[in-house]
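Have the viewer open as you read.

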Amino acid sequence: PEGEVLLKAFVANLKHGLPLKREEKMLVVQALYQEGVSVSLIHEKTGIPERTLWRWLKPLIDKKQEEQEALKDKAAELREQGLKSSPGYPAGSIQPK
């Protein structure tokens, strides 16, 4: 998968490539996490402390939680307006009759 390829390239760069800036490392770690690579595996392969990885991921995780809360609020609002979800349709969607 794409996450594994990115992880291998990142590790290779850390060993012998041009040094990445902190912001660049952070973006790569966020991309890896979004591709499903675990924090423990990123730590294991790169040597970057897990605490640092979680700190770099916090803005991404916070944004995702905010988006989920907004979706829940929108779904509740639509339910109050009388819209319901049906199997195969997302909550709050309008189903064909």
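The largest pocket comes out at about 160 Å³. A pocket here is an open set of points on a 1 Å grid over the protein atoms alone, where a 1.4 Å probe fits and protein lies on both sides within 12 Å along at least five of seven lines. The volume is the space filled by probe spheres set on those points, which are joined across faces, edges and corners. This is a predicted model, with local features needing pLDDT of at least 70 and side-chain atom pairs pLDDT 80 or more, while totals for chains, interfaces and linings use all residues. Numbering runs from 1 along each chain as its sequence is written, and side-chain values use heavy atoms, leaving out hydrogens and water.

Who lines the pocket? Tyr 33, Gln 34, Leu 60, Ile 61, Lys 63, Lys 64, Gln 65 and Glu 67 do, each with an atom within 4 Å of a point. Helices H2 (22-34) and H4 (50-80) are the elements that give two or more residues to this lining, and H4 has the largest share, with six. Helices are DSSP runs (H or I, at least four residues), numbered from the N terminus. By class, the lining splits into three nonpolar, two polar and three charged residues.

Tyr 33 from that lining turns up again in the one aromatic pair that a search of the whole structure finds. Its partner is Trp 54, in an edge-to-face arrangement at 6.1 Å centre to centre and 75° between the planes. (Ring centres must lie within 6.5 Å, using the six-membered ring for Trp, and edge-to-face means planes over 60 degrees apart.) Tyr 33 sits in H2 and Trp 54 in H4, so the pair ties together parts 21 residues apart in sequence.

How open are these side chains?

| Residue | Relative accessible area | Class |
|---|---|---|
| Tyr 33 | 29% | partly exposed |
| Trp 54 | 39% | partly exposed |
| Lys 15 | 67% | exposed |

Lys 15 belongs to helix H1 (residues 2-16). Lys 15 and Thr 46 are 31 residues apart in sequence but 9.1 Å apart in space, C-alpha to C-alpha.

Thr 46 brings us to helix H3 (residues 39-46), whose buried residues are Val 39, Ile 42 and Thr 46. Down the H3 axis they fall within an arc of 60°, so they line one face of the helix; the arc is taken from the directions from the axis to the C-beta atoms. Their cover includes H1, H2 and H4, with contact meaning heavy atoms within 4.5 Å. After H3 comes Gly 47, with a positive phi near 80°.

Terms used. Nonpolar A, V, L, I, M, F, W, Y, C, P; charged D, E, K, R; others polar. Phe/Tyr/Trp six-rings, centres within 6.5 Å; stacked < 30°, edge-to-face > 60°. Buried < 20%, exposed > 50% of the residue type's maximum accessible area, 1.4 Å probe, protein only.
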